[in-house]
Amino acid sequence: MFPAMRSTPPREAAPATTPAASLVFTTLLSHGPLTRAEIGRRTMLSAAAVTKAVRPLMEVGYLVEGADDGARPALGRPANPVRVDAGRALFIGIKVTGDEIIAVLADLCCRIRVARHVRLTARGPQAVLPRITALVQELLTEADGFGVRVRGLGIAVSGDVDRTRGVVRYSPFLEWRDIALAEIVETATGLPVTVDNDVRALTVAEQWFGAGVGLSHFALVTVGAGIGCGLVVHGRVVSGAHGVAGEIGHLSIDPLGPPCHCGNNGCVEAIAADPAILREVRKATGKPVHTAAEALALAHEGDPGVRDVYARAGEAIGRAIGSVVNVLGPERVIISGEGLAAYDLFAEGIRDALAASAFGAAAQCDVMTRPLPFEEWARGAAATAIQSFIGSDTY
Ligand SMILES: [Zn+2]
């Protein structure tokens, strides 16, 4: 039995969607080729359960035997490694920022085959949705060249996103409210669409392929236009009962602090995100500073008032990370986002505030920085489409 994942008609046999099959598939995605015995050790599944999970995925061709594409399979040998057949299916991942759309065509191993960037001149849904549809059509044409069908589309948007219903409830940067994005784009493109929060999508990619591989508890904190956080607990990306788990940008750390767009005061985002930093840099210098790059240049020229703004931002980020560390006790916190360009200015504040706020052994948490370009975020969106396709989002 291969139940279809979506209400859209299945175009060909969908993969098996048992929890064990999904676990085996994602384990092979993360670790590359493994023998059945190694799969069993990593997933804690019995040999019989591994065999049962692998067989239907091999029958539909998503898993194959052999170490790599060039290896000659020795069929029937139990020690023969099993791997995901990267070229068997394609997926599209899209990340929408306030300024541009980044789209990638990725294979079944979520390796980027084609990438596209489109500048946005307006952020309203009526302006952005036709651009998304046009980009998807462009990538579907590219996919024809590979002779492989595109099996799903993932779209990553910042803010409060209901993945189950495919609805963007509220995206502050885009100023979108209650947009049934999955349904609209499914109708326009004919593809199954997965919509998720952008930081959560990036967290899936980090868990499968990045600095989160092999970790059962980690956090990904992003700094830049906003402050976001993706959480992995017991090996699962957490979205919470309301889909907004990890919103550390809206931890209020100073009740008398500057107003936040969420209606609260002194949120981390109102102190440490780019718009807040720009506002404070203008206040400190009296100069018409409009971009993060301009503010950063003033700081690197040594302007003490500007450096203080970054130091306060770093402290706010450090306190937010301290809260994450105290609440969840992750093994690692990965800091990423376009705001890393200013990390040398944030670093001391982050380190000191984290040391001051982390309780006991939680302070042993490993903190690392990891620059991830927006194409990696789009790859994360493609990863969510693969999750939906393989059924690993439902267990
Ligand atoms: Zn807020």
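1. The model is predicted.

2. **Zinc donors.** Four protein atoms hold the zinc ion: His250 (ND1), Cys260 (SG), Cys262 (SG) and Cys267 (SG). The angles among the four donor atoms run from 106 to 122 degrees. The site is tetrahedral, because four donors count as such if all angles lie between 85 and 135 degrees.

3. **Zinc site along the chain.** The donor spacing reads H-x9-C-x1-C-x4-C. Histidine 250 sits in the loop between strand S13 (236-237) and helix H7 (268-272). Cysteine 260 is also in the loop between S13 and H7. The pair therefore ties together parts that are 10 residues apart in sequence.

4. Cysteine 260 has 8% relative accessibility and counts as buried.

5. How many disulfides does the whole structure contain? The search finds zero. Take cysteine 109. The closest cysteine sulfur is that of cysteine 110, and the two sulfurs are 8.9 Å apart. Cysteine 365 is in no disulfide either. The nearest cysteine sulfur to cysteine 365 belongs to cysteine 229, 11 Å away.

6. **Exposure of these cysteines.** Cysteine 109 is buried, with a relative accessible area of 17%. Cysteine 365 is buried too, at 13% relative accessibility. Both fall below the cut-off for buried, which is under 20%.

7. H6 spans residues 198-209, which makes 12 residues. From first C-alpha to last, H6 reaches 16 Å. That is close to the 16 Å expected at 1.5 Å a residue. Asparagine 197 caps the N-terminal end of H6. A side-chain oxygen of asparagine 197 lies 2.9 Å from the backbone nitrogen of valine 199.

8. **Helix H6: burial.** H6 is mostly covered, with 11 of its 12 residues buried. Among the buried residues are Asp198, Arg200 and Glu206. Val199, whose backbone nitrogen takes part in the cap, is buried as well.

9. **Aromatic pair of Phe91 and Phe389.** The structure holds five aromatic pairs. In one of them, the ring centres of phenylalanine 91 and phenylalanine 389 are 5.3 Å apart and the planes stand at 65 degrees. The pair is therefore edge-to-face. It links distant parts of the chain. Phenylalanine 91 is in strand S3 (residues 90-96), phenylalanine 389 in helix H12 (residues 374-390), and they are 298 residues apart. Both phenylalanine 91 and phenylalanine 389 are buried.

10. **Aromatic pair of Trp208 and Phe209.** Tryptophan 208 and phenylalanine 209 also pair edge-to-face. Their centres are 5.9 Å apart, with 85 degrees between the planes. Tryptophan 208 is buried, at a relative accessible area of 4%. Phenylalanine 209 is partly exposed, at 24%.

11. Ring pairs join Tyr62, Phe91 and Phe389 into a cluster. Which residue does the side chain of arginine 151 contact? The partner is tyrosine 62, through a side-chain to side-chain polar contact of 3.1 Å. Arginine 151 is in strand S6 (residues 150-157). It counts as buried, at 9% relative accessibility.

12. **Positive phi.** Most residues other than glycine have a negative phi. Two residues here deserve a look on that score. Aspartate 178 has a positive phi of about 50 degrees and is not a glycine. Aspartate 178 is placed in strand S9 (residues 176-179). It is exposed, with a relative accessible area of 60%. Histidine 234, also not a glycine, has a positive phi of about 50 degrees. Histidine 234 lies in the loop between strand S12 (227-233) and S13. This residue is exposed, at 64%.

Conventions. Residues numbered from 1 in each chain as written. Predicted model: local features only at pLDDT ≥ 70, side-chain atom pairs only at ≥ 80, totals over all residues. Heavy atoms only, no water. Disulfide = S-S within 2.5 Å. Buried < 20%, exposed > 50% of the residue type's maximum accessible area, 1.4 Å probe, protein only. Donors = N, O, S within 2.8 Å, 3.2 Å for Na, K, Ca; no water. Tetrahedral: all angles 85-135°; square planar, octahedral: opposite > 155°, others 65-115°. Helix = DSSP H or I, 4+ residues; strand = E, 2+ residues; numbered from the N terminus. Expected span 1.5 Å × (residues − 1). Polar contact = N/O pair within 3.5 Å; in protein donor to acceptor, adjacent residues only side chain to side chain. Phe/Tyr/Trp six-rings, centres within 6.5 Å; stacked < 30°, edge-to-face > 60°.
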